Amino acid sequence: MSDAEWARVRPLLPVPGWMRGQGGQPEAYRHRAMLDAIGYLVDTGIKWRAMPADFPPWGRVYAFFRRWRDHDLVRECHDRLRGQVRERAGCDALPTAGVIDSQSVKADAVVGAGSRGFDGGKLVNGRKRHVVVDIVGLLLGVMVTAADVCDRAAAHVLERVATAHHRLALVRADGGYTGSLLEHCLAAFALVVAIVKRSDNVKGLVALPKRWIVERLFVSPAPRR
């Protein structure tokens, strides 16, 4: 992280117990170094044990990540940052509308057969990531499945998002999310799923109003895990 980014993140981090007079010893490594190491791993897709020597030992980094994950601190920090970005963009901190889509990506050879599948439409053997973003393009929810899981079956990620974001009332989607999903979302958690279809008279890549926002999340290829 740059100094400017760190200045944004630092106030969101939990204060260690020893700094609050609750005992314990000071941590051996700075939080900034730990977060940089985790960010490097996510960005490059390396194994934990392949952590470069420039960062703290991989075991300490993993323990730090696991502690944050188990206490749900990763999501909390992410949500607070998202709220700040939304406010800077002139939006309310809490989202009321979103967009859902999915993308199939090839899986590495080490990925087991039980967690991968073949997407016949995209001709991809691997996994599928289902994401929901707000109107700014910031992540609200994500779920990873085998690539052969259809969008309708995997769209219950909307339930997680609706539970976590109680003001969310509208989600735009493509034609793959039609059917009983629309009625279920409206009846179960008062969420309207609006299908945005492309015109049959248009050929090639077309940026559909509002729904194209989610595509920005798929521009940069993710690491193959």
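Here is a short walk through the aromatic pairs and nonpolar cores of this predicted model.

Start with the rings. There are four aromatic pairs in the structure. Select Trp48 and Tyr62: their rings sit edge-to-face, 5.0 Å centre to centre, with 70° between the planes. Colour by secondary structure and you'll see that this pair links distant parts of the chain, with Trp48 in the loop between α2 (31-44) and α3 (58-70) and Tyr62 in helix α3, 14 residues apart.

Next, go to Phe55, in the loop between α2 and α3. Phe55 also counts as partly exposed, at 22% relative accessibility. What does Phe55 contact, leaving aside neighbours within four places in sequence? Show Ala33, Asp36, Ala37 and Tyr40. For a distance check, pick the C-alpha atoms of Phe55 and Ile38: they are 9.5 Å apart in space and 17 residues apart in sequence.

Now move to the largest nonpolar core, which has 18 residues. Select Ile100, Val132, Leu158 and Leu191, the members that touch the most others. Then highlight β4 (139-146), α6 (157-164), β5 (170-173) and α7 (180-189), each supplying at least two core residues. α6 gives the most, with four.

Zoom in on Val132. Beyond residues up to four places away in sequence, Val132 touches Val99, Ile100, Leu138, Leu139, Leu140, Gly141, Val157, Leu158 and Val161.

Last stop: a separate core of 16 residues, including Val9, Leu12, Leu35 and Phe64.

Technical notes:
Residues numbered from 1 in each chain as written. Predicted model: local features only at pLDDT ≥ 70, side-chain atom pairs only at ≥ 80, totals over all residues. Heavy atoms only, no water. Phe/Tyr/Trp six-rings, centres within 6.5 Å; stacked < 30°, edge-to-face > 60°. Buried < 20%, exposed > 50% of the residue type's maximum accessible area, 1.4 Å probe, protein only. Contact = heavy atoms within 4.5 Å. Core = buried A, V, L, I, M, F, W, Y, C linked by side-chain atoms within 4.5 Å.
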